[in-house]
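Thank you all for making the time this morning.

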Amino acid sequence: MNTSVGSHLHPAPQGGEILGTQSNPYRSTDYEAHRAVQPHPSPATPLARSRPLRVLLVEDSLLIRKHLVSLLEDSEGVVVCGEVDTEADALTALRVGRFDAVVVDLQLREGSGFGVLQHLKLNHPDLLAIVLTNSNTAAMRARSLALGAHHFLDKSSEFERVAELLEGLR
């Protein structure tokens, strides 16, 4: 079963009912269809070592999302469960999905990664937040960390560190 949140069509990870939102009529190609998202676990549900780490990608570049998915597919115990390209889609995915970590770009097609970080800080402080951006300035880093980002990575020089950080969380 599949659902529409994000920008890719993939089978849902094991367990849980699937929820979704309307798809964007302006997106095309099956790669641009939507990725599966699961509902949130109860707050008492611990991160089990027997299941993969669930990741949400918040990135407006299709090419970079493809590269991230490819990179993370090769990571032990990590699965990309959602991909979105706007702040609004990220907030929807976070409301209905089950994630352990979020990889977020600061510059999105609509909205910004700062809005996503603010939402995470207020509503999901337990999720690992990794900023992966080309906007690698001291001000952007400071603002991201103040909004609760756990890691701030430069796309041009630290791209592969995303997989290392997520594997380390496992």
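Predicted model: local features only at pLDDT ≥ 70, side-chain atom pairs only at ≥ 80, totals over all residues.

Let me begin with valine 55, which, once residues up to four places away in sequence are set aside, touches Leu72, Val78, Val79, Val80, Cys81, Gly82, Phe99, Ala101, Val103 and Leu166, where touching, or contact, means heavy atoms within 4.5 Å. Residues are numbered from 1 along each chain as its sequence is written, and side-chain values use heavy atoms, with hydrogens and water left out.

Valine 55 is found in strand E1, and here strands (E, at least two residues) and helices (H or I, at least four) are DSSP runs numbered from the N terminus. The residue is buried, with a relative accessible area of 0%; for these labels, buried means under 20% relative accessible area, exposed means over 50%, and partly exposed is in between, using a 1.4 Å probe and protein chains only.

Stepping back to the whole chain, we have six helices and five strands, and reading along the sequence gives the pattern β-α-β-α-β-α-β-α-β-α-α. Buried residues account for 48% of the 170 residues, and among contacts between residues at least 6 apart in sequence, 67% join residues at least 24 apart.

Which residues touch the most other members of the largest nonpolar core? They are Leu56, Val58, Leu94, Val102, Val116, Leu117 and Leu120, out of 22 residues in that core, a nonpolar core being a set of buried Ala, Val, Leu, Ile, Met, Phe, Trp, Tyr and Cys residues joined through side-chain atoms within 4.5 Å. At least two residues of this core come from each of strand E1 (53-58), strand E2 (78-84), helix H2 (87-96), strand E3 (101-104), H3 and strand E4 (128-133), and H3 gives the most, with four residues. If we take valine 102 and leave aside its neighbours within four places in sequence, its contacts are Leu56, Val58, Leu94, Leu120, Leu127, Leu128, Ala129 and Ile130. There is also a second, separate core of 21 residues, which includes Leu57, Val103, Ile130 and Val162.

Helix H3 (residues 113-123) also holds histidine 119, which is buried with a relative accessible area of 14%. Apart from its neighbours within four places in sequence, histidine 119 is in contact with Leu91, Leu94 and His124.

Phenylalanine 114 of H3 is buried, with a relative accessible area of 9%, and, not counting residues up to four places away in sequence, it touches Leu106, Met140, Arg143, Ser144 and Leu147. The C-alpha atoms of phenylalanine 114 and arginine 143 are separated by 8.1 Å, although the two are 29 residues apart along the chain. Elsewhere in H4, arginine 141 is partly exposed, with a relative accessible area of 32%, and it touches Asn136 and Phe152 when residues up to four places away are not counted.

Finally, I come to helix H6 (residues 161-169), whose buried residues are Val162, Ala163, Leu165 and Leu166. They lie on the same side of H6, because they cover an arc of only 165 degrees around the axis, taken from the directions from the helix axis to the C-beta atoms. Leucine 169, also in H6, is partly exposed, with a relative accessible area of 33%, and its C-alpha atom is separated by 9.6 Å from that of valine 78, 91 residues apart along the chain.
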